[in-house]
Amino acid sequence: MCSPILLLSLPPTVRDLEVPPLFRRRFILGGYRSVGQPWQHYMLSLFQMHNETLNVWSPLLAAVVVALRFMMFTLLGGGGVLGFRLQGPEGQGLSIDVSSMPLVLYMFSALTYLSSSAAAHLLQPHSEHAHYSLFFLNNVGGAIYLYCCALALYLYCADPAWTQSMLGKIFLPAAAFLSWTSCSVSCYVKVHSRWMYTFHRKLYSLTVITVISPIAHLLAICSWTSTQVMPLHLLQVVLSLLSAYFFSCSSPECFSPGSFDVLGHSCQLFHVLLSLCMVVQQEALFRDFLWSRPALPRLFGEEHLLLACASILWVTFSCSLTALALRRRVQTRLTTEEA
Ligand SMILES: *[C@@H]1O[C@H](CO)[C@@H](O)[C@H](O)[C@H]1NC(C)=O
C-alpha cells in the first residue's frame, strides 16, 4: 500500500493561509497538509514529514510499548499475576480478581487514548466534520484515560494513610468530575468560540495536576531513594507536569513563529512527553501493583473497589453523551453552512 510511488503522489505541505481558519494553529506558519483530500492521503501521510508527524508517531509507538510490556508482565510474571483464573474456586467459570481490575482498565484506557489520539491527528484534515468528530473522540479518550490513571495511582501507589484521609476520600470523585468537565469544556470551546480558548487548556492542566497529586504527596513524605520505584514516580510526575505545561501554552513557537512548524512545537512536545510519561507510569504501576494488591480488599473493601471501577462507566457515558450532543450541533451547523 505504501509504495514509494504512492508516497511521491502525496501533495506537498502548504502554508497556514492555504487551509481554512479552523485548521490553523497560532504561530504555526507552514507544514500543514491540504484539507479535503481522500482518506488514503492522510493514511499515507504517516510517512511524510508535516506538522503532525510526531503527534502521530509518539502515541503509536507508546501504544506498542505499553501493549507489549503489559503482555510481558502478565505472561512472564509467572502467569496468574493478575489473579484471573479460567477455573473459579468452585471449579468452573471465570474468576476475576477485583483488585487487579484497575490495572487492566488502566492499560485499556491508555491504549484507547493513545490510538484515538494517533488516529485523530493523522486523519482530521479530511474535512471539517472529521476534524470535529475526531477531536471529540480524542477528548473522550483523554478523559477516560485520566480517570483510569487517577484510579490506578490512587489504589496501587498512594500512601494508604492518605487514601483514608478526608482529602483521599474525595480524590476519586473529584478526578471523575474534573475529567468530565475538562473534556466537556474543551469540546464546547471548540464548537462555540475561542473566548475560553486558553481556559480549557488550563483546566486540563489542573486535571493532570490533580490526577498526579497522590504521587507528588508520596514523593513529599517518603525519601525518594527509599524504594526502587521512587525514581520512576519522580520521573512520571516531572513528565506529566511538563506535558501539561506544553499543553497549556504555545511555547516555544510563540517566540519564533514559523521555526517550529514541523519539529518542536508545543503540541508535539506535549505528545512526546505524555507518551514517555505513560510508559514510565505503567512501569511504576507494575512495581507498586505487585506489593500493594494483596492488601487492597482489606484496605478498601471489595464493594468499594468494584464501585470505583464501575465509575469509569459514568465517566465514559457522560463524556460520550456531551461529545455526541456537541457533535450533532456542529453537524447541523456545518450542513446549513454548506447548503
Ligand atoms: C497541522 O496541520 C493540520 C492541517 O493539515 C491542522 O489541522 C493542524 O491544526 C495543524 N497542527 C499544528 C500543531 O500545527
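**View 1. Arg287 is partly exposed in this predicted model.** Its relative accessible area is 36%. Arg287 forms a salt bridge with Glu283. The closest N and O atoms of Glu283 and Arg287 are 3.9 Å apart. The two residues both belong to helix α10, and they are four residues apart. That spacing means that about one helical turn separates Glu283 from Arg287.

**View 2. Arg69 and Glu283 meet through their side chains in a salt bridge.** The N to O distance is 2.8 Å. Arg69 sits in helix α3, whereas Glu283 sits in helix α10, which covers residues 266-292. The pair therefore ties together parts that are 214 residues apart in sequence. How exposed is Arg69? Arg69 has a relative accessible area of 22%, so Arg69 counts as partly exposed. Glu283 counts as buried, at 17% relative accessibility. The cut-off explains the two labels, because buried means under 20% relative accessible area.

**View 3. Arg69, Glu283 and Arg287 form one network.** Salt bridges that share partners join these residues. Glu283 pairs with Arg69. Glu283 also pairs with Arg287. A search of the whole structure finds five salt bridges.

**View 4. Arg33 and Glu52 form a salt bridge.** Their closest N and O atoms are 2.9 Å apart.

**View 5. Residues including Arg33 and Glu52 surround the ligand.** Among the others are Phe23, Arg25, Ile28 and Tyr32. The surrounding residues also include Asn51, Gln124, Pro125 and His265. What kinds of residues make up this shell? Four are nonpolar, three are polar and three are charged.

View 6. How much of the ligand does the protein cover? On its own, the ligand has 360 Å² of accessible area, and the protein covers 96% of that.

Notes:
Residues are numbered from 1 along each chain as its sequence is written. This is a predicted model: local features need pLDDT of at least 70, side-chain atom pairs count only at pLDDT 80 or more; totals for chains, interfaces and linings use all residues. Side-chain values use heavy atoms; hydrogens and water are left out. A residue is near a molecule or strand if one of its heavy atoms lies within 4 Å of it. Accessible areas come from the Shrake-Rupley method with a 1.4 Å probe; for residues, only the protein chains shown count as cover. Ala, Val, Leu, Ile, Met, Phe, Trp, Tyr, Cys and Pro count as nonpolar, Asp, Glu, Lys and Arg as charged, and the others, Gly among them, as polar. A salt bridge is a side-chain nitrogen of Lys or Arg within 4 Å of a carboxyl oxygen of Asp or Glu. Buried means under 20% relative accessible area, exposed over 50%, partly exposed in between (1.4 Å probe, protein chains only).
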